[in-house]
Amino acid sequence: MAIATHINPETMLSNPAFTQVVRVPAGADTIYVGGQNGLDASGQLAGDLASQARQALQNLLTCLEAAGAGIEDVVKWTILMVDGQDVRAGFAAFQEVWGQRPNPPAITVAKVAGLAIPGALVEIEAVAAVLA
């Protein structure tokens, strides 16, 4: 059960891929998931950006589940992509995972020169809120 309020001011762009403002009430437990790359459990890095984004999202889902949350509880994504990558491939992977759920989280996407894992093209972190 989502506890956050998703707000898209009428005077701003409304997009089905993200929400402009997400308000979390007092008393909620906040879960912070550190940046996840496209590494599988054996440490192998997936190939292209879309594959890495899918694996990073799968890693995030695993972390959320371990903390007692689900994707619907995410209120904020931060996505770092290596400069020169097509952001559309990453968003397509996100839409595969998010599906037709309402109230997408707030999202920040930044292009960076590189990431800590050699060959990594994307890193995604999340903030989730659940009932305390």
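Hi everyone. Two strands count as paired here if DSSP finds at least two bridges between them. With that in hand, let's look at strand 4 and strand 5: they run parallel, and seven bridges join them. Please keep in mind that this is a predicted model.

Let me step back to the whole chain for a moment. The protein chain has two helices and six strands, and along the sequence they come in the pattern β-β-β-α-β-α-β-β. The radius of gyration is 15 Å, close to the 14 Å that the globule rule gives for 132 residues, so the chain is as compact as a globular protein of that length. Along the principal axes, the C-alpha atoms fill a box of roughly 40 × 35 × 25 Å. Of the 132 residues, 37% are buried. The chain exposes about 7,200 Å², with carbon and sulfur atoms supplying 54% of that area. And if you take contacts between residues at least 6 apart in sequence, 75% of them join residues at least 24 apart.

In what order do the four strands of the open sheet stand? The order is 3-6-4-5, and the pairing is mixed. Strand 3, residues 28–36, and strand 5 stand at the edges; each has a single partner strand, so one side of each is left without a neighbour in the sheet. On average, neighbouring strands of this sheet are turned by 10° against each other, ignoring direction.

Let's take its two partners in turn. With strand 6, residues 122–131, strand 4 pairs in the antiparallel sense over seven bridges; Val-74, for example, has Ala-128 of strand 6 as its bridge partner. Over on the parallel side is strand 5, residues 106–112. There, Lys-76 stands opposite Ala-106, Trp-77 stands opposite Ile-107, and Val-82 has Val-112 as its bridge partner.

Helix 2 lies across both strand 4 and strand 5, and runs at about 145° to strand 5. The other helix, helix 1, spans residues 49–66 and lies across strand 3, strand 4 and strand 6. Its angle to strand 6 is about 30°.

One last stop, in the loop between helix 2 and strand 5, where we find Asn-103. Most residues other than glycine have a negative phi. Asn-103 is not a glycine, yet its phi is positive, at about 55°. Is this residue buried, exposed or partly exposed? Buried would need under 20% relative accessible area and exposed over 50%, so at 43% relative accessibility Asn-103 counts as partly exposed.

Methods
Residues numbered from 1 in each chain as written. Predicted model: local features only at pLDDT ≥ 70, side-chain atom pairs only at ≥ 80, totals over all residues. Heavy atoms only, no water. Axes fitted to C-alpha atoms, helices over the stretch in contact; angles between N-to-C directions. Contact = heavy atoms within 4.5 Å. Rg over C-alpha atoms; globule rule 2.2 N^0.38 Å. Buried < 20%, exposed > 50% of the residue type's maximum accessible area, 1.4 Å probe, protein only. Areas by Shrake-Rupley, 256 points an atom, 1.4 Å probe, with all protein chains shown as cover.
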